[in-house]
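Today I looked up how aromatic rings pair up. My notes follow the model.

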Amino acid sequence: MAHAKAVDAPSSLGPAKTGTGGNPWLVLLAVSLGVIMVMLDGTVVGIANPSIQVDLKASLSDLQWVTSGYLLALAVFLITAGKLGDLFGHKRVFLIGVAGFALSSVGIGLSAELADIIPGLSPVGALIALRVLQGLFGAMLQPAALALLRGAFPGEKLNQAMGAWGAIIGLSSAAGPIVGGLLVENASWETVFFINAPVGLAALVLGTILIKDNRAQTLARIDWLGVLLLSGAMFSLVWTIIKAPEWGWGDSTTLTFIAVFAVLVGAFIFWQSRASQPLVPLSLFRNASISIGTVLMMMVAFAMFGAMFFLGFFFQGVHGLSPLEAGLRMLPMSAGMIFASPLAGMAIGRLGPKITMAAGLVITAFSMFLMSQLSIDASFIESGIPFVLLAFGMSPVFVGATEIIVGNAPVELTGVAGGVQQSAMQVGGALGTAILGAVMAGEISDKLAGYLGPAAQAIPPAQMTALEKAAAFGAVPPGVPQQIGDAVHNSFMDGMHVAFLVSTGIALLTAVLTLFVKSGRKTDGAPVHMG
């Protein structure tokens, strides 16, 4: 097995006074603007989709690709983008990511105009292509941002930085549905993408002024074979997760993609153990805290994003709320993160990650359990209480897991560590949405006929299948009798309750993992053996 020599971290990668330079809190401000742009985009696209469908005459498949194309590009490129930051400078990669994300956002808003210029390109085709490009630039931006924070803050203050980071993300998440709803209802869907231009420009200006560049290796080579194998494996995994509910988990196509993923992962691990300058040094995962933190991040994302996916359908399909009203219903959770994340950072600094994260997961499990008890006509207060609890439960977990992964990584691998953290979140969220969606669909299939009673015998099988699919979205097809509408809504509620109960169990199991983690390093610059 070939090994690289021990690499001493350059002094420019040390604590705040010699890291990315200047006041670390100003560095946090600069990188946060870039991430705010990504978070806003992530929350407003769902609100813009109905208008996009009407304006561009997009099909349901087109709209799925608007989301899936972005997710695929993001998940496939995250770790590679983190490595590029480690090699060529996190500031450089961050600024390229910001500029590219903002420009591709403007291009999305001009999809119709671009289709008129480029022969053979439809407006929705241009939009999907630019969403893929946007995902690639978003992947460059996020790991670099985490690595810049690691370089700017000394180890003993890193959890505070991550707490502030979580508050900013919470603020962005809270503002996204409201800003998006206002723009779509009062202007056009294009404006939800155009808004990224001024935010991106501010991030570029502040980033150029406030951040000093840092890089761990100036003469290293890129492991192109590793990039190819990892990208293929991530594509196979995420594509399978996206398409398996449509194909069926036991379908030969699904099993083929799973087999391809397994083969590529095996080949990637084998190559990383042989490469002199691997894309992801396997030594990174010899640190138990990093390995556990990665699994923890994936499981938490599975539980949270998988279950939360159904709330939009609950509020809009069952309650009949508008997108803006649904966003306001979920405001207690997003707004709660603004206060909970800094408190989580301070608690981790005082109590350590084990106690703080375990307590957060217990609170998370309790909030998920309360959501499993929501009634079909739940009021704002009834849904708001578990949302606030969820904010104070999840914040310690996300802050702590991020600090554990990035804080325990050698400085020269902070970009890769940031990519691992983001990839774990993306894969976990996608898995949660797909698997809990399958659980929910199964429960709906079991309960719908019972709610219909004797009337179910008179419904043709094809129409019953259509009703089950509609029930998975909490939607009642137009023109159906009241009894059928009630049955659809009741079966949706049963399915959602089961999904939240599964998430409750996962949160409790994940709490056990926190007993085996350690806080991030307090000092940097120790030699690291790679390979």
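I am working from a predicted model, in which local features need pLDDT of at least 70, side-chain atom pairs count only at pLDDT 80 or more, and totals for chains, interfaces and linings use all residues. Residues are numbered from 1 along each chain as its sequence is written, and side-chain values use heavy atoms, with hydrogens and water left out.

I paired rings of Phe, Tyr and Trp (its six-membered ring) if their centres lie within 6.5 Å; planes under 30 degrees apart count as stacked, over 60 as edge-to-face and the rest as tilted. The count comes to seven aromatic pairs.

I checked Trp-25 and Phe-153. Their ring centres are 4.8 Å apart and their planes stand at 80°, so I logged the pair as edge-to-face. Trp-25 lies in helix H1 (residues 24-56) and Phe-153 in the loop between helix H5 (123-152) and helix H6 (158-186), so the pair ties together parts 128 residues apart in sequence. Helices here are DSSP runs (H or I, at least four residues), numbered from the N terminus.

I then looked up burial: buried means under 20% relative accessible area, exposed over 50%, partly exposed in between (1.4 Å probe, protein chains only). Trp-25 is partly exposed at 38%. Phe-153 is buried at 2%.

Next I took Phe-315 and Phe-387. This pair is edge-to-face, with 6.3 Å between centres and 75° between planes. Phe-315 is buried at 0%, and Phe-387 is buried at 0%.

I also found a cluster: ring pairs link Phe-235, Trp-239, Trp-247 and Phe-257.

Notes:
Helix = DSSP H or I, 4+ residues; strand = E, 2+ residues; numbered from the N terminus.
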